[in-house]
Amino acid sequence: VTIWQSFKLPDFHLDEFTRTIGSTVQAFKPMPIMGIDDVDNELNFGPKNDAPARHVLAMGSKAALSTMHKALGEVIARYEGEVDNPEWTNENYKPYVSFVDGSALKIAEFTQLRTVELIEKIPGTEQAAVKELWELEES
């Protein structure tokens, strides 16, 4: 699930930012999510607008994804982050999952959001890599 779109940070903040994101994420528990049909049912993201995706809805505590989005946004702002598409944030935030190998969460299919990853773009390429991964704990 994409919780925040792409953003840039000054390099000197990266390690401290990563620690703060980890602390923020640890306040959340795993959450069930469901693929939903949406008017934007043919979503495409990415630098070439060629990465298909589907909107999702958090089940149970429906505000959990929005709350996480807001908390992470506050951390990004605190560390002087520059958000690429601010129009997709805060009240306009719509969580989605990207398709992997041509498939994604189907409409009405459930899964658990159990991890949060910080993805870093590899300089000089259009590739990205996982910089950090945090597991959401039940208790």
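Lys 8 comes out as partly exposed, at 45% relative accessibility (buried is under 20% relative accessible area, exposed over 50%, partly exposed in between, with a 1.4 Å probe and protein chains only). This is a predicted model, where local features need pLDDT of at least 70, side-chain atom pairs count only at pLDDT 80 or more, and totals for chains, interfaces and linings use all residues. Numbering runs from 1 along each chain as its sequence is written, and side-chain values use heavy atoms, leaving out hydrogens and water.

**Exercise 1.** Find the salt-bridge partner of Lys 8.

*Solution.* Start with the rule: a side-chain nitrogen of Lys or Arg within 4 Å of a carboxyl oxygen of Asp or Glu. Lys 8 meets it with Asp 84, whose closest O atom sits 2.6 Å from the N. Asp 84 is partly exposed, at 34%.

**Exercise 2.** Work out how Phe 7 and Phe 17 pair.

*Solution.* Rings of Phe, Tyr and Trp (its six-membered ring) pair if their centres lie within 6.5 Å; planes under 30 degrees apart are stacked, over 60 edge-to-face, the rest tilted. Here you get 5.7 Å and 65°, hence edge-to-face. Phe 7 belongs to strand S1 and Phe 17 to helix H1 (helices, H or I, at least four residues, and strands, E, at least two, are DSSP runs numbered from the N terminus). Phe 7 is partly exposed at 24%, while Phe 17 is buried at 1%.
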